[in-house]
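Subject: Structure handover

Hello,

Here is the structure I promised you. Please open it alongside this email and follow along.

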Amino acid sequence: MTDMSYTASQSGSRAGKIALRWTLYLMLGLFALFYLMPLFVMVTTSFKSLDEIRTGDLISLPREVTFEAWRTAWSQACTGIQCEGVRPYFWNSVLIAIPAVLISTLIGALNGYVVAQWRFKGANLFFALMLFGCFIPFQVVLLPMARTLGLMGMAGTIPGLIFVHVIYGLGFTTLFFRNYYVSIPSELTKAAKVDGAGFFRIFWSIFLPLSLPIIVVTVIWQFTQIWNDFLFGVSFSQAGTQPVTVALNNIVNSTTGVKAYNVDMAAAIIAALPTLFVYVVAGKYFVRGLTAGSVKG
Amino acid sequence: MTKWLEEHMPKLVLAPSFIVVLIFVYGFIAWTAWVSLTRSRLLPRYEIDGFIQYDRLFASPRWDTAFTNLFVFGFLFIVIAMILGLILAILLDQNIRTEGAIRTIYLYPMALSMIVTGTAWKWILNPGLGLEATVRGWGFENFTFNWLVDPNMAIYTVVIAAIWQSSGFVMALFLAGLRSVDQEIIKAAQVDGIPTWRVYTAIIIPAMAPIFLSAFIVLSHLAIKSFDLVIALTGGGPGYATDLPATYMYTMAFSRGDIGQAASSAMIMMMVVFTIVVPYLYSELRTKDD
């Protein structure tokens, strides 16, 4: 830790030190306002009536708190021709995210276990191929994927979206588990093999019990990615199977009727709540996933 | 039989993923590359016909805008997010008592969908009722802030929203980096009476070079993939003023039915990612093996 006050106290001026601290806290506070402002505006706008939005200003508190916009956003707002709010799409996202997260995490754990602990010729090549797959811009697979889903009879379906999210999540889940398991001494595996334990037995009784932290990181990472996805959702869904991000965008950009900013904001908050909740309760693991996903190893 | 199975189990477990990646990543890239060399329109055709799609692409003013925007947006986004992230990290590294809470506040936008971010900023930046109207309401009657609807300025609103979303993440990276620098060297420098700003510029920041590289890689990757944010914030407009290659590709693929253009623009995106990521991955994997 490099403490600026250290040098200030060296120069001997107490007043200077205090002034420096105050400036520091002031700057940190101003930045905090910058990050909080949009959330604050979203929340206050969602509780205002449309009349108040037209007359009031952006950052004033609602004069009269109304939950009308929330009700509309949840069950009545129009996404194109349908007017059922974000509720059905919210459940679509849940139906997509839960299986996709579980399947991709499980396969990633097995892959990582093999790559890190059962080295054989080609395992490194496999890992390199997987790793590169994390970085491709998905636009490059969009067209063939649309055709393939059609051929498989899964175009525009929720299983189709689960399938897509599992496939393109595998690179990251494998990476997470591989980097975690690589730090477990391989003597452990060898000793267990000598004792007659098989491949799955070793995974089940030795590695899995050690894996809780990395499972949490992977599940949070995958859940955030899949819940927040828009590109796959908009490309591979159809009316009725869209995830909540697509529905939100449709509500905001639907041209019918009066522009209801309070409903837009309520819908946006509803779409953001699950990932925000995860961030608030498990922020530490969220950050670990972010940094592990970017700075590998 | 069971012995054979046990012996080959690791390979058998890896095999499905291996096949899936070969087909759905590399096979699909090959398909897109192939189609980008054909005259495909609404339906894909498979007779190779040279670089006609790329010629069309680079002759298209819309692609020109999208490609230029990528560099304008990417450059500003990466540079400002890095500078802001570094400043925040240094400020937070001064024994701040409420550090945990402040960090949580700076980083939460990263948990939001780009669609949510875009929706929020679209509302804040809309000239009729948003920030502009609010500041006018405070008595500054001539205040104008209409970048969102100004074709020349709209791309900068995308920059603002993207920085808001990602700079906290850069801060988290840099903060971890600042703390991994050898504390003994820093203490020694301070005992020698070297001013703090010199300690940062001469010792700490140079020691963090690998983190700058990681941040750069992640941010450039985010910039190239930016699609949702543009869709939610500006929809690519006004006109196509804020198109990026990602939105161009999507428009060609799904609204214009021009598969050839979609494929060739996707390949260009791929090549931009290639030139940035491949040297990085290569050096990372090599140092791992040594």
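Among the elements of chain B, which has the lowest mean pLDDT and which the highest? Helix α6 (residues 131-137) of chain B has the lowest, at 81. Helix α3 (residues 61-92) of chain B has the highest, at 93. Here pLDDT is the predictor's confidence in each residue, from 0 to 100. Helices (H or I, at least four residues) and strands (E, at least two) are DSSP runs, numbered from the N terminus.

This is a predicted model: local features need pLDDT of at least 70, side-chain atom pairs count only at pLDDT 80 or more, and totals for chains, interfaces and linings use all residues. Residues are numbered from 1 along each chain as its sequence is written, while chains are lettered from A and ligands numbered from 1 in the order in which they are written.

Chain B averages a pLDDT of 87, and 98% of its residues score at least 70. The model scores ipTM 0.88 and pTM 0.89.

Now the domains. Chain A is assigned domain 1 (4-66) and domain 2 (87-294). Such bounds come from an automatic or database domain assignment. The centres of domain 1 and domain 2 of chain A, taken over C-alpha atoms, are 35 Å apart. Seven residues of domain 1 of chain A are in contact with seven residues of domain 2 of chain A. Contact means C-beta atoms, placed from the backbone, within 7 Å. On the domain 1 side, α2(A) gives the largest share, four residues.

Next, the largest nonpolar core. It has 173 residues. Val86(A), Leu248(A), Ala267(A) and Ala268(A) touch the most other members. Helix α7 (residues 154-180) of chain B gives the most to this core, 15 residues. Domain 1 (4-66) and domain 2 (87-294) of chain A both give residues to this core, so it lies between them. A nonpolar core is a set of buried Ala, Val, Leu, Ile, Met, Phe, Trp, Tyr and Cys residues joined through C-beta atoms within 7 Å. Buried means 20 or more other C-beta atoms within 10 Å of the residue's own; exposed means 12 or fewer; partly exposed is in between.

Setting aside residues up to four places away in sequence, the residues that Val86(A) touches include Trp74(A), Leu248(A) and Ala267(A).

Finally, find Ala100(A) in helix α5 (residues 87-117) of chain A. Ala100(A) is buried because 26 other C-beta atoms lie within 10 Å. Leaving aside neighbours within four places in sequence, its contacts include Ile162(A), His165(A) and Ile226(A).

Best wishes

Note on methods: Two residues are in contact if their C-beta atoms, placed from the backbone, lie within 7 Å.
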